[in-house]
Amino acid sequence: MTTVLEFDAQTAASLGRAVAALAGRRVAVLTGAGVSTDSGIPDYRGKGAPTRTPMTVQQFLADEAWRRRYWVGSHLGWRTFAAARPNAGHEALAALENEGIATGVITQNVDGLHLRAGSRRVVELHGTMRRVLCLHCGQVFDRRDLASRVEADNPWITVPDAVELGPDGDVLPASTDGFVVPTCSVCDGMLKPEVVFFGEYIPPTRFQEAEQLLAASDALLVAGSSLVVNSGIRLLDRARRRKLPVVIVNRGETRGDARATVKIDAGTTEVLQALAAALPAAR
């Protein structure tokens, strides 16, 4: 792994304070979409992010037309989304866990890249795009198998080689006419990706797992999240109530900046690499 250590003076000073705050501590990590932008997956709110109005769970559940729109766009983006590879930031976090510094990763992302990078304890707060769930009988399907079914039921559909991918792996389709929406092969029930839609609550047991990871830690590192989603800010508040050091790495402002011990306004990939290189020596 190549470590980038070239920073401007302000970023270098913030990085030094972050190392001092985290050194010798067990660090829980919370990540958002900014960690995956260097893997080619855009975020919703970062500079230059495409303007998107995400589908709500209420729309998806209530209307066949919305479900058709979702499955067309999701299928068109699936190949590119699934082909994304972990970047050096993901690998740096896996290295921190391997060194016994990071206790694990709590992620708001649904791309599975932390697991592919080698992180072992990963709490996927918002679920995963790898699986699809039947809302009637509970059957779980591998997304790759479902993609094959979608193409068999819609042989006319053409997946372009280059797409403008959305943050959740979807594409804005030109048309949904004639698309056959996939249903459960066991009971013909409604299928939904195993992700938390906008307007949907995180399963309580999953959030409890995130809380347990934080409870076993002495510091919190937030990387690539604007903390607009309430799940992230709730975890930050729990860390602050315990008076734990909080380091935030994100380009641009976040909801947690005023509560951070250190804020580093820079790209997550380079900073996480630098932390992975510096923290073992500082322990």
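**Figure 1. Salt bridge between aspartate 237 and arginine 259 in a predicted model.** Aspartate 237 and arginine 259 form a salt bridge, with 2.6 Å between the closest N and O atoms; the term denotes a side-chain nitrogen of Lys or Arg within 4 Å of a carboxyl oxygen of Asp or Glu. The pair links distant parts of the chain, 22 residues apart: aspartate 237 belongs to helix H8, and arginine 259 to the loop between strand E8 (246–249) and strand E9 (262–264). Helices (H or I, at least four residues) and strands (E, at least two) are DSSP runs, numbered from the N terminus. Aspartate 237 is partly exposed, with a relative accessible area of 24%, and arginine 259 is partly exposed at 30%. Buried denotes under 20% relative accessible area, exposed over 50%, and partly exposed in between (1.4 Å probe, protein chains only). The model is predicted: local features need pLDDT of at least 70, side-chain atom pairs count only at pLDDT 80 or more, and totals for chains, interfaces and linings use all residues. Residues are numbered from 1 along each chain as its sequence is written, and side-chain values use heavy atoms, with hydrogens and water left out.

**Figure 2. Salt bridge between arginine 238 and glutamate 211.** The closest N and O atoms of this pair are 2.5 Å apart. Arginine 238 is partly exposed, with a relative accessible area of 25%; glutamate 211 is partly exposed, at 25% relative accessibility.

**Figure 3. Salt bridge between aspartate 218 and arginine 26.** The side chains meet at an N to O distance of 3.0 Å. Aspartate 218 is in the loop between helix H7 (204–215) and strand E7 (219–223), whereas arginine 26 is in the loop between helix H1 (9–22) and strand E1 (27–31); the two are 192 residues apart. Aspartate 218 is partly exposed at 21% relative accessible area, as is arginine 26 at 41%. The count of salt bridges comes to 10.

**Figure 4. Helix H8 and its buried residues.** The 12 residues of H8 should span 16 Å at 1.5 Å a residue, and the end C-alpha atoms are 16 Å apart, which agrees; the expected span is 1.5 Å times one less than the number of residues. The buried residues of H8 are Ser231, Gly232, Ile233, Leu235, Leu236 and Ala239. Their cover includes E1, strand E2 (102–107), H7, E7 and E8. Lysine 243, whose phi is positive, near 60°, follows H8.

Figure 5. Serine 231 counts as buried, at 4% relative accessibility. Residues up to four places away in sequence being left aside, serine 231 touches Gln108, Leu125, His126, Ile202 and Phe207; contact means heavy atoms within 4.5 Å.

**Figure 6. Lining of the second largest pocket.** Trp78, Phe81, Ala82, Val110, Asp111, Arg116, Met129, Arg130, Asp142, Arg143 and Arg144 form the lining. These residues divide into five nonpolar, no polar and six charged. Helix H3 (64–83), strand E4 (127–134) and helix H6 (143–153) each supply at least two lining residues, and H3 gives the most, with three. On a 1 Å grid over the protein atoms alone, where a 1.4 Å probe fits, a pocket is an open set of points with protein on both sides within 12 Å along at least five of seven lines; lining residues have an atom within 4 Å of a point.

Methods: Ala, Val, Leu, Ile, Met, Phe, Trp, Tyr, Cys and Pro count as nonpolar, Asp, Glu, Lys and Arg as charged, and the others, Gly among them, as polar.
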